[in-house]
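Here's a quick briefing on the chain shown below. Have a look at the fold, then read on for the points grouped by topic.

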Amino acid sequence: MRKTVAPGVRDLLFVVCLTTVLTIGVVGVLLLNTAMQQQSDRMTLQRQQIATLSDQAQQLRTDIDRLSTPQSLAARARRLHMQPVNRLRFTVTGAAVSRRTPAGSRNHAG
């Protein structure tokens, strides 16, 4: 024998099922929207950090360019009591030892 459900109960089950499906769908859409908004906020924050770091890098490049001009280098060398080189001296090491030694630093080995 087949058991039949009263039309009022059948309609109630249909409404409950439909309400459950719609509620799950709405909650799913809200969760997806929240996750997308959080991701968007993180991306915006990272873009701002990138812009700040790019500005800092450009400022550092500008400072390096300003400090590496010949005039700036010469001024810093003078403050360190450095003298310009008038004549280059080369020291050969290894098998051929230079006979020119600065005064006071004689080779006493051997």
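Start with Asp63: this residue is partly exposed, with a relative accessible area of 23%. Keep in mind that you're looking at a predicted model. Overall, the chain has two helices and zero strands, and buried residues account for 1% of its 110 residues.

**Fold and surface**
- Helix α1 covers residues 7-67, and helix α2 takes in residues 70-79.
- The chain exposes about 11,000 Å², and 62% of that comes from carbon and sulfur atoms.

**The salt bridge**
- The count of salt bridges comes to one.
- That pairing is between the side chains of Asp63 and Arg66, with an N to O distance of 3.6 Å.
- Both Asp63 and Arg66 sit in helix α1, three residues apart, which is about one turn of the helix.
- As a reminder, side chains of opposite charge can pair when their charged atoms come close.

**The nonpolar patch**
- Phe14, Val15, Leu18 and Leu22 make up a nonpolar patch on the surface.
- Together, these four residues have about 400 Å² of accessible area.
- One of them, Leu18, belongs to helix α1.
- Leu18 has 41% relative accessibility, so it goes down as partly exposed.

**A buried serine**
- Ser72 is part of helix α2.
- With a relative accessible area of 17%, Ser72 is buried, because the cut-off is under 20%.
- What does Ser72 touch once you leave aside its neighbours within four places in sequence? It's in contact with Arg66 and Leu67.

- His81 is not a glycine, yet it has a positive phi of about 60°.
- You'll find His81 in the segment after α2.
- Is His81 buried or exposed? It's exposed, since its relative accessible area is 70% and the cut-off is over 50%.

Conventions
Residues are numbered from 1 along each chain as its sequence is written. This is a predicted model: local features need pLDDT of at least 70, side-chain atom pairs count only at pLDDT 80 or more; totals for chains, interfaces and linings use all residues. Side-chain values use heavy atoms; hydrogens and water are left out. Helices (H or I, at least four residues) and strands (E, at least two) are DSSP runs, numbered from the N terminus. Buried means under 20% relative accessible area, exposed over 50%, partly exposed in between (1.4 Å probe, protein chains only). Accessible areas come from the Shrake-Rupley method with a 1.4 Å probe; for residues, only the protein chains shown count as cover. Patches are made of residues with over 30% relative accessible area and no salt bridge: like charges are joined within 9 Å, nonpolar side chains (Val, Leu, Ile, Met, Phe, Trp, Tyr) within 5 Å. Contact means heavy atoms within 4.5 Å.
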